Amino acid sequence: MMTLDSKVPSGPLETKWDRHRFSEKLVSPNNKRGIKIIVVGTGLAGASAASTLGQLGYQVDCFCFHDSPRRAHSIAAQGGINAAKNYQDDGDSITRLFYDTIKGGDFRSREANVYRLAQVSTQIIDQCVALGVPFAREYGGQLANRSFGGVQVSRTFYCRGQTGQQLLLGAYSALSWQIERGQVAMHPRTEMLDLIVVDGHARGIVVRDLVSGRLAVHTAHAVVLATGGYSNVYYLSTNASGSNVTATYRAWKQGAAFANPCFTQIHPTAIPPTETHQAKLTLMSESLRNDGRLWVPKTPSDRRTPDQIPSSERDYFLERRYPRYGNLVPRDVASRAVKTLCDEGRGVGPGGHGVYLDFTDVIDQQGLDIVRERYGNLFDMYQQITGEDAYRLPMRIYPAPHYTMGGLWVDYNLMSTIPGLFVIGEANFADHGANRLGASSLMQGLGDGYFILPYTIGHYLATTKNSPVADDHPESRRAIECVSTRVAKLLRGQGRRTAASFHCELGRILWDHCGMARCEAGLNRALQLIPALREEFWRDVAVPGSGETFNQELEYAGRVADFLEFAELLCHDALHRKESCGAHFREEYQTVDGEPRRDDTRFAHVAAWEYVENSSPILHKEPLTFEYVKPTTRSYQ
């Protein structure tokens, strides 16, 4: 029977993490040399964890399916990273960052985890500066800050529109140092396809070399998953095309609980889709909402160009509905407002799928050079994609699947329900509740990798007597045989349809029935359509080539096969949660004003799902208790 023990330490919130670190057992330097740790993923969470563990003296095997760790999706983050430094002296503090994050997540996250994240946020900035990350600075040399959605202070540090890229380069430099020292062995172009569990503990992984096609086993004393989120289940998302659910989904099938999979964030400021066969969507940073104003024409039939529509004939809908926060409401609130207007026929652009994000006022007030200095590369990106000059005419934006708050369940130590399997960054569920505030994903990834995991994994290793596991251990052989059988099954596919066509169809089902809005009838319909589509996939998919060579069609087909199974779990979770909270908006549970209606009596819990072969998943609940904040109606008006 699966049990969910959060292992949250007792005592005052402010001292939990410090006392917990002191109580953790340590591994002596000499003993660290004989301990191997596997880290899967080299984004901000994976690269920071691998480099820190290597520096501590552990032997680390690090895996990524890219040709270089620098290609991880973290590089796409644009807007910034939060930290409670209070450089602006505008009332920020660790407590305020903690409260904003709890409230922004609609009171569906653990207090202790969120407070710890706010605590380590200040260390993250110092670490990144020491690694040479070129944060924007004020004229006097002090690090600059700007505001982001869902808060009323300026706590976001940024590198113009390249924050993720620069932070990843900083983490990569630390990782490269450990590779040079021989503490980290890097395995690029290698994809994890299964988890090896021995005597109930995670002890290794099965991987496929994406160049040669060779399957191999790697064993260790512990495994760390830092493999990101799964919003590509929707086909069109802001994620990199290779982002997938395979690593966490395979871990789920080996016994790791999957928590809150229905909490999928829809980001309000993506470039609208333009054609049916588009492969992905491009994000415009949330930072643009600092100075840009969202609006639509007051008259739905107005076909004038935006520069010809006077201000009096524009509906600045976020400022009208949420005067206290205006255009800086959280992402879930802004996304629903944009979609509602477009559904009413008031959208702009092709098909009416868009609203204007206008910089005319800030350009008039502060000058073109200031706007170009703040956001220049974002404007350049927009022009390259759309052919439109956003300095002259407003951008057009529309919501898109973005970040996933759901992920593998972890306790306070970031360990899953499988002992020895640690999950960090977006791959776990821990910190963001039902909605992530902007600029907090980079904070969590680096916080987990640099400052939390290195302590907590040490305690596990110091208190667990794991003898070495050979690559030919019976569990290793069983795992590699299972992977080999699955690969062979995919290669037998000689049907008429590509994996991409199935992925696209799955994405449409999810967007229509489990996207920005969900309802019971739609979710039940999806739970009929998805199994039927999965059966058709295995009957009619075409996977050319062989498994003994470079074969991207095979890679992709395997990921789509996992999405087709995972999508069903996502819909089960959404159907179970009979409330509206954060990114999960059930149409049956809303106020007369169209705002979400939360149910704290029945659903103030983490929904953690256990895999059962050939049967429906089993739901386990971790109650969420709030000792330091009182759940209130989440209002930004």
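1. In this predicted model, helix H4 (residues 94-104) and helix H5 (residues 111-130) cross at roughly 135°, and their axes come within 9 Å. That angle makes H4 oblique to H5. The crossing in which H4 passes H5 is right-handed.

2. On the H4 side, the residues that meet H5 are Ile94, Thr95, Leu97, Phe98, Thr101 and Ile102. Their counterparts in H5 are Glu111, Val114, Tyr115, Ala118, Gln119 and Ser121. By class, the residues of this H4-H5 contact divide into seven nonpolar, four polar and one charged.

3. Thr122 also lies in H5. Its relative accessibility is 18%, and because buried means under 20%, Thr122 counts as buried. Leaving aside residues up to four places away in sequence, Thr122 touches Ala83, Ala84 and Lys85.

4. H15 contributes Glu520, Leu523, Asn524, Ala526, Leu527, Ile530, Pro531, Leu533, Arg534, Phe537 and Trp538 to the contact. H16 contributes Ala557, Val560, Ala561, Leu564, Glu565, Ala567, Glu568, Cys571, His572, Ala574 and Leu575. The residues of the H15-H16 contact comprise 16 nonpolar, two polar and four charged.

5. The sheet is open and has five strands, in the order E5-E2-E1-E9-E17, with parallel pairing. Strand E5 (184-187) and strand E17 (421-423) are at the edges; each has a single partner strand, so one side of each has no neighbour in the sheet. From one strand to the next, the twist averages 20°.

6. Within that sheet, strand E1 (residues 36-40) and strand E2 (residues 59-63) run parallel and are joined by five bridges.

7. Which strands does helix H12 (residues 441-463) lie across? They are E1, strand E9 (222-225) and E17. Relative to E9, H12 runs at about 155°. Of these strands, E17 is an edge strand of the sheet.

Key: Residues are numbered from 1 along each chain as its sequence is written. This is a predicted model: local features need pLDDT of at least 70, side-chain atom pairs count only at pLDDT 80 or more; totals for chains, interfaces and linings use all residues. Side-chain values use heavy atoms; hydrogens and water are left out. Contact means heavy atoms within 4.5 Å. Helices (H or I, at least four residues) and strands (E, at least two) are DSSP runs, numbered from the N terminus. Ala, Val, Leu, Ile, Met, Phe, Trp, Tyr, Cys and Pro count as nonpolar, Asp, Glu, Lys and Arg as charged, and the others, Gly among them, as polar. Two strands pair if DSSP finds at least two bridges between them. Axes are lines fitted to C-alpha atoms, for helices over the stretch in contact, and angles run from 0 to 180 degrees between N-to-C directions. Buried means under 20% relative accessible area, exposed over 50%, partly exposed in between (1.4 Å probe, protein chains only). Angles under 35 degrees count as roughly parallel, over 145 as roughly antiparallel, 65 to 115 as roughly perpendicular and the rest as oblique. A crossing is left-handed if the near helix is turned anticlockwise from the far one by less than a right angle, and right-handed if clockwise.
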